[in-house]
Amino acid sequence: MHSLYEIETVVKRVARYQGLSWGIAEEAGKTVRALEQSALPGLERFDRLISFPYSKCVREINHKEKNQKYLCPIHFGLFFLDQSHKPDNQLTFQFSNILEPLLIIPFLIKAAQKNLISFDFKSNEFKFFIGSGKIISLDTNKIPHQSNDITLEISNQRIKQYSDETWDRLYNMSLETFVEENEEKKLLGAGAGLTDND
Amino acid sequence: MQIELRKPEFVMRLDRLGSFHQSKLSFLRSFIREFKDWEFETKELELDENGFGHCVYVVTKDNKQYSLVCFSNELADSERSDRVIATKWDASFVLFDGIPSDQDINRLKANVPLQEQGRVTEKELCLSRANKSVRVFEHVVDRLAQGKQPDTDILYNVGYLYRTTAVYGSGKFGLADRIKIQDRGELKGPFRLEMMLVFLARQFTFDMVNHVAHQRSPQNAVKLNDDIARNLGIGNSTGLGMAPFIVNHPALLNQWIISKEKALLAIRSIPNTSQREKEKFQSYLSTIKENIKFWKTDSEYQIKKNLHLTNDLEKFQNYFGKLDIEKFFWNTVYEWAEINTQAECCELIVSLLMEVYPEIVEPLSYEMSIDEEDYFDFDTSRSIGDVCALIEKRYAWLVEIDFEKKDNIYNFWYYSKNKQEPRMSDRFSEDGAERELPLAIARDINKLYLELKNYPKKDPLSSYLIKNQEYRHILRRIFICEKLPYSEIQDNTISKSLIPVDMLRLKLSFFGATRFDPRSDRWVRITMYQGAPLMKEIHQSDDTWSYKKIA
């Protein structure tokens, strides 16, 4: 399994390779890291997003336009992170379609906590509610007065949420942000000789 | 008397940052202070007659344990390179969280010698490698095998038996993420684990020469004398890979610098100085003047700096020797040094001042870490006028730079595909500038500033961000610099006149490195822990070892 640092770095570089600015690439890296740390399949979903292909995703969010399709979840999440300080936020927004909605969650959590607001996300396939506190969302109608036959498992082991193939694909893509060096450049770039038997 | 912190526009220039010296705040010294009451033990020394095999060193307190596992392998001379581009080393090291089982040792044996090409797990904390200083290693083993101690002239001209290259931590190559260990009390200072690894690796170098000498001549061999060993450190070769760190971690850089500046301010603000304190400073000054003679380098750049330092120290000694103690004595001394000596000498005097007042300086070493995540997000409700004013206040030095001029955008930073390390090249004659890393801070802030000037001042930043995200990474650091004014190097890191070793020197001085020996403008050798207590003496350390005479 890879460290969270490796996951964040690879996602940042892949996002950059996909044409995102460095600032957004950094946000993408943090988002996927946060999901993986929470045992959610952030890396797999990120891989699916860029395989859509990413060039077809809509990156400019227009919250007044109902029929926007194939919205990029990173830009969608950032839009609400950046814009939700505005006082006119007691609104309902509607969008036609968003890709890989899992990826918007870390952004909305930050936006909710920063601005003391809540997000109630409803779609045909997926619903969640994010408040400004630190408690995870529960279905309040189903909270019992007693629990029986309880199992509580505690682990300090992260659970791998992605396949080796996904990692290899993304890792190789991340190398596309690197510069190939010829022998001369290797020497110039680092600035010294190759052996040191002194 | 109201004395103020030195201003960021004075401190954060690269020629000054590149003149910093080790001090009481340096990480290898704070590591020894923190761990001096831990137990250090050589647990395994499984080496063959040539010194190939593995060793384990264990550091323990209560129920906490860390282990350094060292692997020593055969290496042909033709394969010995102390640059990061190497693929084989004389020795490789991994710091393990706890005590490794035999199964762990076998797993590590298959991976640690490979370094970047191997995989480690979250049980491991740091990874490193080192090569012998061939001329010194052979001399020492040869003499010890003959029952004699080595020639200290040869030894101290180099200063170490092995040189490390990279020391990796924080999640690289599968190592444990920093989040796993950051709340441990003993690790509440930057690079504690890296410093532990290097300290234990130094002990390995002594055990290695003793072992090989004994194997060569069991009847005659003697052990390396403790006084000689103590004056040997461990070398390090550092290239450009280290430079981007201080640009990529602005909040952390601020903590390092502000701690030093707070220490200096507190000392300059002392109204009454005793004769004993003056004498203490004088004794450190005299020692360092002697020890500088061992700072060997072929670099014209560093030779010149060392020469200025020696001359300035002489000038300073004349001044200081005649100076009577008066109110705010250290402030008078510092102000004289700032005006009359170059940065190399002035910053050494700052480090020496800190030696006199451990009670002021040592607590500040606990303020040198920071949770960088707290500074990742920024306030998009701030007005564009606010952001422009912030740039004018904190980045006045770059607003007037003409980034259309070739010399001001001469270099670009990139990641080498071959070694996965940051490098720098000339953008006008080398390929790859389209894959430039976001390290052109001055240029990008300047561009952002010019762009923001076209937007209504009263609009919130969020309005600008709806359609403009190109400079998001830059906005993040501008807001960091607002809160943490020592977070930004105030020089253009892509200009033709950039001297990258200054960036390396800044970081290495905080590590506690000495004997800066640049091998080019982008690669430097240094020594760590020279004069430090040996592993078996660490609990006796009073943190004055940095200013003991080498010979």
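Angles under 35 degrees count as roughly parallel, over 145 as roughly antiparallel, 65 to 115 as roughly perpendicular, and the rest as oblique. Keep that scale at hand for the exercises below.

The model is predicted, so local features need pLDDT of at least 70 and side-chain atom pairs count only at pLDDT 80 or more, while totals for chains, interfaces and linings use all residues. Residues are numbered from 1 along each chain as its sequence is written, and chains are lettered from A and ligands numbered from 1 in the order in which they are written.

**Exercise 1.** Work out how H2(A) and H21(B) are oriented to each other, and list the residues that meet.

*Solution.* Start with the geometry: helix H21 of chain B covers residues 472–483, and H2(A) packs on H21(B) at an angle of about 80°, with axes 5 Å apart. Axes are lines fitted to C-alpha atoms, for helices over the stretch in contact, and angles run from 0 to 180 degrees between N-to-C directions. The two helices, H2(A) and H21(B), are therefore roughly perpendicular. Helices here are DSSP runs (H or I, at least four residues; strands are E, at least two), numbered from the N terminus.

Next come the residues: A:Trp22, A:Gly23, A:Ile24 and A:Glu26 in H2(A) meet B:Arg472, B:His473 and B:Arg476 in H21(B). Two residues are in contact if their C-beta atoms, placed from the backbone, lie within 7 Å. By class, this contact of H2(A) with H21(B) has 2 nonpolar, 2 polar and 3 charged residues. The classes are nonpolar (Ala, Val, Leu, Ile, Met, Phe, Trp, Tyr, Cys and Pro), charged (Asp, Glu, Lys and Arg) and polar (the others, Gly among them).

**Exercise 2.** Describe the side of chain A that touches chain B.

*Solution.* First the count: 34 residues of chain A and 50 residues of chain B take part in the contact. Then the elements: H1 (4–17), H2 (22–37), H4 (73–83), H5 (105–115) and H7 (183–190) of chain A each give two or more residues to this side. Last, the classes on the chain A side are 11 nonpolar, 11 polar and 12 charged.

**Exercise 3.** Characterise the packing of H3(B) on H8(B).

*Solution.* Helix H3 of chain B (residues 27–35) packs on H8(B) at about 85°, and the axes are 9 Å apart. That makes the pair H3(B) and H8(B) roughly perpendicular. From H3(B), B:Phe27, B:Leu28, B:Phe31, B:Glu34 and B:Phe35 meet B:Arg192, B:Met195, B:Met196 and B:Phe199 of H8(B). Sorting the residues of this contact gives 7 nonpolar, no polar and 2 charged.

**Exercise 4.** Is A:Ile105 buried or exposed?

*Solution.* Recall the cut-offs: a residue is buried if 20 or more other C-beta atoms, placed from the backbone, lie within 10 Å of its own, exposed if 12 or fewer, and partly exposed in between. A:Ile105 sits in helix H5 of chain A. With 21 C-beta neighbours inside 10 Å, A:Ile105 counts as buried. Its C-alpha atom is separated by 9.0 Å from that of A:Pro73, 32 residues apart along the chain.
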